[in-house]
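Dear colleague,

I am handing over the structure we spoke about, and I would be glad if you could look through it with the notes that follow.

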Amino acid sequence: MANRRAFAASARGVLAAAVAILALLAQVCVQARAEQGYPERTVRIIVPTAAGGSIDTTARVIAAALAERWSRPVVIENRPGAAMIIGAEAAAKSPPDGYTLLIAHDGTMAMNPVVYPNLAYHSQRDFEPLALLTSIAEVVLVNEALPVKSVRELIAFGKLNHASGGTATLLALELFKAMAEVDITNVPFRGGAPAVTGVMSGETQVIFADLATANAGMQSGKLRTLAATTLKRVPRLPDVPTIDESGVPGYDVATWIGAFAPAGTPKAILAKIEAAITQALAARDVRAKLEALSMEIRSGASADLRAVLAGDMDKWGHLVKEKNIRIAQ
């Protein structure tokens, strides 16, 4: 009798183990099919800014290219606000299945984490880098009515108000203030495009803005371009000097834009997305659209983006610590 009971218990144990193994195998098969067939439905790209800025325009070009390659809709969801924190947090908390991606710039991913002490997301822990997409120079613009025609005159003018569309423009300003030893007060706006409008209207006097975001304002005749933020002059603006050659040697800032997925996204899906983005950036029509927006194509793999992110977090972290920069959330 005891032997029968022991045999029955053993059989039940073997059966339970077999059922568990079959369930696991079924789950693996389902996941493998999902990865193999990706994408099977609409892919959402979260952009943490309002429509019209450099991140949004880059994302829309990439989304159209991916939709064509995948024969699936790829939609943009603009989630602006709180210095791009709202959109990035939403992306970080999305299911890691490849159907929600984030396209963001260095302000969102490398600067926010070192400026905000209680940030709800961590760029290196909560995201998987997919690809480095583009970079773009910034320019220093002032309201046309301001009697300032050079960076040297800007430094000598005295106290001014700066329009900030997010952490990227804020830290570009803070680096300039530190290197030029000038006092400029920052006024935050809800995104880059509204910040440019704020300078055009005279609400503020100066802004550091990337070329894509600043383009409309530069064409309006209401803004004066003083300098480019990169060490080399911008090909599109050959007559505009750099900050480096305008009295602040060594100043060098450019904005990069990259694509990310929530941490935990299957590696096979990450590889598919990275390959599709790489193919898109190599296409002549995509390159032409981005270059028309004053973008420099980076075509960087996930490893490149991971390295750039780590380097910039270290660079900006030193500035924030040295100048004790903190922003209330």
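In which loop does P39 lie? The loop that holds P39 is the one between α1 (2-37) and β1 (43-47), and the peptide bond leading from Y38 into P39 is cis, with an omega near -5°. Please keep in mind throughout that this is a predicted model.

As to the overall make-up, the secondary structure of the protein comes to twelve helices and ten strands, and 49% of its 329 residues count as buried.

Two helix pairs

I looked at helix α2 (residues 54-70) together with helix α10 (residues 267-282), whose axes are 10 Å apart and which pack at an angle of about 110°. Since angles of 65 to 115 degrees count as roughly perpendicular, α2 and α10 are therefore described as roughly perpendicular to each other, and the crossing in which α2 passes α10 is right-handed. On the α2 side the contact is made by I62, A65, L66, R69 and W70, while α10 contributes I273, A276, I277, Q279, A280 and L281. Sorted by class, the residues in this contact of α2 with α10 are nine nonpolar, one polar and one charged.

The other pair consists of helix α4 (residues 106-115) and helix α7 (residues 167-180), whose axes come within 8 Å and cross at roughly 65°. Here D106, G107, M111, N112 and V115 of α4 meet T167, A168 and L171 of α7, and the residues of this contact divide into four nonpolar, three polar and one charged.

Helix α8

Which residues of helix α8 (residues 192-200) are buried? They are A195, V196, G198 and V199, and because they cover an arc of only 155° around the axis, they lie on the same side of α8. The buried residues of α8 pack against the strands β4 (127-143), β5 (160-164), β7 (206-210) and β8 (223-228), and also against the helix α9 (211-220). After α8 comes G202, which has a positive phi, near 90°.

Loop residues

Most residues other than glycine have a negative phi, and most peptide bonds are trans. Against that background, S71 has a positive phi of about 55° although it is not a glycine, and E181 likewise has a positive phi of about 55° without being a glycine. S71 is found in the loop between α2 and β2 (74-78), whereas E181 is found in the loop between α7 and β6 (184-188). Are these residues buried or exposed? S71 is exposed, with a relative accessible area of 57%, and E181, at 72% relative accessibility, counts as exposed as well.

One more loop residue deserves a mention, namely T49, which is found in the loop between β1 and α2. Because buried means under 20% relative accessible area, T49 counts as buried at 14% relative accessibility. If its neighbours within four places in sequence are left aside, T49 is in contact with I55, D56, N78, R79, P80 and M84.

With kind regards

Terms used
Residues numbered from 1 in each chain as written. Predicted model: local features only at pLDDT ≥ 70, side-chain atom pairs only at ≥ 80, totals over all residues. Heavy atoms only, no water. Axes fitted to C-alpha atoms, helices over the stretch in contact; angles between N-to-C directions. Helix = DSSP H or I, 4+ residues; strand = E, 2+ residues; numbered from the N terminus. Contact = heavy atoms within 4.5 Å. Nonpolar A, V, L, I, M, F, W, Y, C, P; charged D, E, K, R; others polar. Parallel < 35°, antiparallel > 145°, perpendicular 65-115°, else oblique. Left-handed = near helix turned anticlockwise from the far one by under 90°. Buried < 20%, exposed > 50% of the residue type's maximum accessible area, 1.4 Å probe, protein only. Arc of directions from axis to C-beta.
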